[in-house]
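Visitor: I am new to this structure. Please take me through one part of it closely.

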Amino acid sequence: MNENKRYQLTATQTQMWLAHQLYPEACVLNVVNTFELENSLDRELFDRSFAELQRQLSVFRLVFGIQENHPYQEVRPEPTRGLDWVECAPNEWKALVDHRKTQPLPIEETVFDACVYVLGEEHYVFYLNMHHSVEDATSSTFIWKALWTLYFGFQESGVFPSLDLIPFEQSLTEYGHESLASLDTQYWVQQSAAHIPQRFYGELSKNTLESQQLRYAIGKERLIKLKTLLKEPTFSSFSEDLGVFTILLTVYVAFLSRITQSEKVQLGIPVHHRSGLKARKSPGLWIEFFPFVTEVASGLSFKELYAQIKSEGAEFFKHALPGSSSAEANRSNQAIFNFIGAGFDNPTDWKVRTNWLHSGQSDPAHGIRCHYTKMGESGEPELWFDLNEALFKEDQRNRVGRHYLKLLDAFLDNVEQAFSEVLLEDSSLPAGDMPQVQEVPAVLGEKVNHFLRQADQIALVEGDQQFTYAQFNAALAELSSQLKRAGLQPGDRVGLCSERSSAYVAAVWTCLREGYVFVPLDPAQGAQRLQFIGENAEVSAILCSAEQEEAGLWRSTPHRLLSLSNQIFSSSACLGNPSFPNPDQAAYILYTSGSTGEPKGVVVNQGALSHYVQWAAEKYRPGNESLCMPFFTSIGFDLTLTSLLTPLATGGKVVVIGQKGSGPDLAVLELKNYQEINTVKLTPAHLQLWLSQGGVNPEIESCILGGEDLKNELSVRLFQAGVHRIYNEYGPTEATVGCIVGEFSPEKHREGSTPIGESVPYGGYLLLDEAGVEVVHGLVGQLYLYGANLAQGYWKRADRTAESFVEIAHYPGLRLYKTGDFARVNSDGDLIYLGRRDEQIKRNGFRIELGEIKSALRKQEGLDEVAIVYDQGESNEEVVAKEADTHCSNCGLPSNYPEADFDEEGVCHLCRAFEGYEIKVDQYFKTEDDLVRLLTSKQGRSSHYDCLALLSGGKDSTYVLARLVRMGLRVLAFTLDNGYISDQAKANIQKIVKQLGVDHVYGSTPHMNTIFVDSLHRHQNVCNGCFKTIYTLSTQIALEKDIPFIVTGLSRGQFFETRLTEELFWHTENSTDSIDKIILEARKLYHQEEDAVKSCLDVSMFREASTFEKVEYVDFYRYSHVSLTQMLQFLRTEIGWERPTDTGRSTNCLINQAGIHVHKKKKGYSNYAFPYSWDVRLGHKNRDESLDEINEAIDVTEVERMLDEIGYVDHEAQESNAKLLAFYTGKTNLNKEKVWAQLREVLPDYMVPNDVIQVEEIPLTSRGKVDRKELLSAYHTEGEEQAHAKQPENDIQALIQEIWQKVLRVESPGIESNFIQLGGHSLAAIRVTAQLNEDLGTELPLAWVFEFPTIESYAEALETHMRTLLEEENS
Amino acid sequence: MIEELSRYITEDLINDPDFGTLETDEDLLGSGLLDSLGMMRLVGFIENNYGIKVPTEDLTMENFMSVETIEKYVNSKK
């Protein structure tokens, strides 16, 4: 048998063979056809014909083997199997086939499976499954024809005719005799080089074999249109098939471009390679995959796109020579287009229905495959889509075919149509007319009157003052008569310039009720800006607080100034019955940042505001209680209106929290002093600060977040802090406070952002793409808003109003506000906010038009060009962690490991210390015999198993499992599926447990990502959280099944890291027993730690001491001293374990590298550096092996994708690294201090750039936009040079520098550097002050950081302060 | 050129020992000797060998019907 000639595999066969090795239990490579015959059949002859078919066609006798690591194929002289005959009822065969087709083929023994189902005397189904490594679609048509040719040939002549087909192995030996010189393999690799992962419908392809095939008939009508079109000269091709191919490919490219929202489209196309006569007589696998890459401009018409694809298709086929493709060229094909021209040829005497069946599985790399074929039941042209089941949820699968056909129909109906403008789905707009503006609620008028009559109830709380509704009523009456006396008419604008106070609340209400249009003037916004607003809004009067009047802001103003103070609450006036303003009258004008440089006033009418307040009062009201909300955010921010208006509209109260002193507004930190608050509205940035500084009042029932993207991670923290109703409210000022609101659900919302949810009932939204077409679910679109909540427009800015409030061709008659915000509906159907994509940014909840800063800066003299860049700190990573400059010459420990200390031989302190207690460590380790004794010591108990072994599928744990089985132990293997185990590792696991004959269970938890995020924050890695999950879930199983031991396969180094700290060995009295006791105690504490594992999983059993008696934990490597080389050899030869290649690393877990990345970023060294140094020290691996594994490359793009997927946000990086930078060119070098001073006059603090930098020129990208990256990289390089800035000259300066360095994460800041310039902000100021106060035992005020913004000036102030304190004490 | 083209078509594309000789006026596609993909490969061969570029609009039956017409076309492009 062994003398059969062996043949090499072709490249495509090799790929198939590899896939078979990867998924030996899978049916992914089964090519299954059924032939249903409704006629009589000579069964014996059919059976003999099939035997003859095998004799004549060697493909049936091919088998595969492996020799010296190379696969080969050989032709067996005898048939490898026969034809099964199964009798069954006519309604049974489909189920039988459905099962049979999923059975894997053992290609070492046979490459096919064949059966005839006998359903009746004249009813049969011939079933043939051939392995893809020897079969393609065309080949299956040959084989079918060959079979019936033999049958009828014999019936006619009594002998089997000789088939005119060429044996596969003969074609193989000649394969490559083509014009080899012209093979251009590099062409194909280059074609696919620029690979980016594609998101189909916004989702990334996920690894699963399971796929569903959906079939669509092209239909007569379309076929006629297609063929007619192909007769036109523009569309004609060499052949009709080539024309159909090109049209369908064009539509597929358009489809992929649409559903990936990418101009770059890449797909794989199998080429049949059967052009020549000979190839058309050769059964076997001939197809070869080639990548097709194209870039499509979105404005192209179908006709233009067709011309492009036709020309690129020609290039494709010119280069697609047999043997020139490779796995490398095809590695990134996530979409496949398979055009099969061949069809089955049937004998005229038989009534045959053929069908090519989908096995139910596909290559996991393929997200979508599209086939054009006539090989289905109908025999007519059909389109089949194979859809990855993890990528497409069941209810979403049918949209693929639907969308493809929409595009195809659009093409056939009108070739001039732009493919990007075809509507893929019907509009989401409510049918019929637009929702009518409902009757405007009377909430601001009559409803409040009702409460105003409830005299004794408290309406406002401010410090130790309280005002009842009666007093509020009096204040409104008083103010209203003051304004009337001043001659104001309804519709006049009234500026409100005040810090937060009860009087301000009364002023807002007065304006609303009397019909004056209020214009908030937040004193923190800078004098010039306020003056601009006052003038621009043409205010008739300004209600101004005493403090602001004193500040002199309005000293020279032409506007009439009226005093606003809480004294109005002492008035004895009483409201009459005012006539309330009309809904379409303006209520307020709120100024927001404008890109032209000038703030623009958004005019919101009474009706829109009433709708909001009415809706919010119902939505946010906690049960039957009335709302009590704090007024603690800027009056210039429309989210503040919720807190001012809603509580009073429910008869509740407003708690006014004013601003203290200069510097940042930290009112959020005072919330804790007010127990009556039950609802808080704030930005995520505020929430962050609140949570990090002491936490949330237990009385708070709801929080409404608004102003910027809310991450679920933050919502989870808030939920855990006891707030169980968390709303995420989206709404630009132009759509009145909030208009799309989602509620956080801890069960549903785990990763990424909290949904912004559903629209308010009096408005709606559309998600439109660039072509103004509604995007389908999953895709990113810009939010366009409509409804009764829209603002009137911008005050006196008809141009801007026309730009932003638009009408779109597809939705005539509908007034839409174009938000500039992007969002998508995720696979759970939730609407997720994705942020802005223009020159507008959000900083700490504030919307900033970079253009406004730019124009402010332009007012400086001597400037040519200006560019403003928001540096979110991505490129600052290197500054954070210190790089290792050396590694221990013995164990490889990096020099940046904390406290690492090397002697003159380059040996670390740990290795040196180890020499002193090595002997004791040796005593701790035991032998495999000891292990067997231990693990069998509890035998005879009821359990079916001696131990539970933790199996990750990696080398260490596989070795453990194999050894345990070899020791004769009864083992249950346990694997945690953390969602990121690679497919190959899973295949390994499947293979191993089968081979070793052990029972195996997977454990999993829906909370895995929460645990990962928590672990990343706590330990800067993913492993700690994962390990703990493994311990927890495996202990649950061990308890359930009464298994006395859990055996872990942690390497020696790893358990040194986790529990065998060296200190254990330092004390001579510590015997092995006492070490075990200490470790057990430590383990009990470990499971009681308050972390995500404890909050998400059931850990109650760890509270019982008996658990630790029932289940003991045994570290295998305490009992085995195997080297890495020995282990790998054992695994290779005895188990057949192979290192997974699909993780790109030495691990079997995909997310592992994300942990390493974060750890390296935060700490400078890999989390494996320490445990591996112990592995080396203990002889488990050598130094080089350890360093190789530690230094494996990390795919940062992939890591970031995964971190995003699990919802990890690096708050520190976000908080302290983000900087607003201004770059300019010009002759003069500006004095930065002066620029800042001037900018602060014009701009609010949050808009003042952290740094102003002169550059030679402003670099531009190829698209003519400012090259942010280039500017930033130049800035950071320069920053390094500035490290030589003036350094501390005394201890106090040095202390301050140390704290700044830690908080701002800037290496050695110069003592003259400005706090803001270095990226400082309010939270950083709190940290700096707190740290100093702790170190010095002082109570320095927070504002100092801003009053003395350099190390030098701060140190001086501090010294003076200390001296004064000393003198006071002495006197 | 005729000889070269015939050899390439016979040996590399048709690649069947049973096939006799190729007539220079034989309809390559129409007779079923080649399919459209084979034709595209032939175009690739021509581009490589005769240093011309065949634009998409020239991919017509008139130009690529037979060895004869191809020769005429290639000469016209040189």
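Visitor: What percentage of the 1371 residues in chain A do buried residues make up? After that, please look closely at helix α41 of chain A.

Guide: This is a predicted model. Buried residues make up 47% of the 1371 residues in chain A. The chain's secondary structure comes to 46 helices and 47 strands. Take its contacts between residues at least 6 apart in sequence: 71% of them join residues at least 24 apart.

Now to the helix. α41 of chain A covers residues 1232-1242. Its buried residues are Trp1236(A), Leu1239(A) and Val1242(A). Look down the axis of α41(A): these buried residues fall within an arc of 125 degrees, so they line one face of the helix. An α-helix has 3.6 residues a turn, so residues three or four places apart point the same way.

What lies over that buried side? Turn to the face directed away from the buried side. There α41(A) carries the exposed residues Glu1233(A), Lys1234(A) and Ala1237(A).

Last, a glance at where chain A meets chain B. The contact takes 21 residues from chain A and 23 residues from chain B. On the chain B side, α1 (2-14) and α2 (36-50) each supply at least two residues. The largest share, 10 residues, comes from α2(B). By class, this side of chain B has 12 nonpolar, 6 polar and 5 charged residues.

Conventions
Residues numbered from 1 in each chain as written. Chains lettered and ligands numbered in written order. Predicted model: local features only at pLDDT ≥ 70, side-chain atom pairs only at ≥ 80, totals over all residues. Buried ≥ 20, exposed ≤ 12 C-beta atoms within 10 Å, placed from the backbone. Helix = DSSP H or I, 4+ residues; strand = E, 2+ residues; numbered from the N terminus. Arc of directions from axis to C-beta. Contact = placed C-beta atoms within 7 Å. Nonpolar A, V, L, I, M, F, W, Y, C, P; charged D, E, K, R; others polar.
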